[in-house]
Amino acid sequence: MLFRVDPASPDPLFTQLAGQVRAAVARGELADGERLPGARELAASLDINLHTVLRAYQELRDEGLIELRRGRGAVVTAPPQDNSELHAAVETLVRVARSLGIAPQTTTALVKEALR
Amino acid sequence: MTSPVPYRSVTTVLTLVVPLALAAVPFVVAGAWASELPDQVAVHFGADGPDRYASVAGAIWPTAIATVVVAVASWALAFFWGRTAQVRRVAAATAVGMAAFLSTLVVGMLDVQRGLTDTAGTTGLGLVMTVAFAVGIGAAALAAWAVPRDAHQPAQEPVPPTAAVLDLGPDEAAVWVTHAESRSALVIGSSVALLTLALGLLLGLPFLAVPAVLVAAIVLSSTWFTVMVDRRGLTVRSAVGWPRFSVPIDEIREAAVTTVSPLAEFGGWGYRVGRGGRVGVVLRTGEGLQVERTGGRAFVVTVDDAATGAALLNTLAARSRVG
């Protein structure tokens, strides 16, 4: 999978990383039992602080999405789930927002508001 | 653009001169032992002892010819396609390893028959086989070590504008991680290792643990690879960490998606040298990531979603040229 962190984004780096793992699991790109790259390795690759990666991994662990094991790194523990209905709804949301000319930030703000 | 193949004289020494010298050893040794050797020596051994005989020269010639054939083929491979150090290394190890193995085998076979009047009673071949095998592996490793590494060749020209790229922000960092695997080889190999181990335990043959561990090591080092693309380039490494291949970012001319047919293009599966000197970790038929390197070199690895990896490599390569 692709991990990317943008210092120019308003979201903190660890939030960006955790969000990408969540999305990859939801899309079925990361399956149950699959291993994430080691925190040290990922930090070196992205040229970011080790603690940023660890914080993202800890957040995912607290959500029950991954398991952290000494020496074995991070393993995805998401139960298999059919999210196709959600994906379809997201696609519809994006299409409607685009056709109405609503800015992406406004759309995400509305979604965040609704989820609260 | 074709760049010249480097280190051709070293290649010639390692793949032709050394193997031919090794092939001559049995002739010299047989000459020195002439008075002690029987007229007809045993050359083939079945379950009940020797089952084929030949003259001393007739015992040596077939292996000498085999050595020469392997040496010439290895020389041609490295001389014409040896732009990558890995190709030259495979050629040198094959030629020298084979020559050392066969020569040791023949010399050992003659040695155990010295002074015998009845060669039907020849014994000690198991030891000869083991020693020849060890000498062959050792010589191959030495030859591979003697091959010069590729010089660092940073790319001069920019990444072609036609290359696929990723929409990465100017300060955005990215890494792409995936696996190249051969699930069938992994399952079959692990089963063989476990069965051997189980057999050893059940039959009380503890020495069977040796082949079991050997098979497990081979399986882990050749059927499952982590593939990583980041600011430093492309890295492909096995589950046990070795072997490990890397292409530094500044030596990448262009990355692209390709379709690999291992048997037709690489003559098989695994870590391979393919037609034209392309090097690859090819574990299945289908999609692969191909990296064109400076110096006319190319590296391929079979992965899913190679498009993302290729686009990221091109983006990061272009970025590395600026700074």
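1. Let's start in the middle of things. The largest nonpolar core has 96 residues, and the members that touch the most others are B:Ala92, B:Ala95, B:Val96, B:Ala99, B:Val175 and B:Leu313. Helix α3 of chain B (residues 85–111) gives this core its largest share, 17 residues. As background, nonpolar side chains tend to be buried together in soluble globular proteins. Keep in mind as you look around that this is a predicted model.

2. Pick B:Ala99 and see who sits around it. Which residues does B:Ala99 contact, once neighbours within four places in sequence are set aside? They are B:Pro19, B:Leu22, B:Ala23, B:Thr67 and B:Ala71.

3. Now for the place where the two chains meet. Here 14 residues of chain A are in contact with 13 residues of chain B. On the chain A side, β1 (2–5) and α2 (39–46) each supply at least two residues, and the largest share, four residues, comes from β1(A). By type, the chain A side splits into ten nonpolar residues, three charged and one polar.

4. Strand β3 of chain B (residues 173–181) is joined to β1(A) by four bridges, and the two run antiparallel.

5. Over in chain A, have a look at helix α5 (residues 104–115). Its twelve residues span 17 Å from first C-alpha to last, close to the 16 Å expected at 1.5 Å a residue. Is this helix buried or in the open? The number of buried residues among the twelve of α5(A) is zero, so the helix lies largely in the open.

6. B:Tyr7 has a phi near 55 degrees, which is positive although the residue is not glycine. B:Tyr7 is in the segment before α1 (8–32) of chain B, and it counts as buried because it has 20 C-beta neighbours inside 10 Å. B:Asp305 also has a positive phi without being glycine, near 50 degrees. You'll find B:Asp305 in the loop between β11 (297–301) and α8 (306–322) of chain B. With 15 C-beta neighbours inside 10 Å, B:Asp305 counts as partly exposed.

7. One last thing to look up is a peptide bond. The one from B:Trp242 to B:Pro243 is cis, with omega near 0 degrees. B:Pro243 belongs to the loop between β5 (233–238) and β6 (244–248) of chain B.

Key: Residues numbered from 1 in each chain as written. Chains lettered and ligands numbered in written order. Predicted model: local features only at pLDDT ≥ 70, side-chain atom pairs only at ≥ 80, totals over all residues. Expected span 1.5 Å × (residues − 1). Core = buried A, V, L, I, M, F, W, Y, C linked by C-beta atoms within 7 Å. Contact = placed C-beta atoms within 7 Å. Nonpolar A, V, L, I, M, F, W, Y, C, P; charged D, E, K, R; others polar. Pairing = 2+ DSSP bridges.
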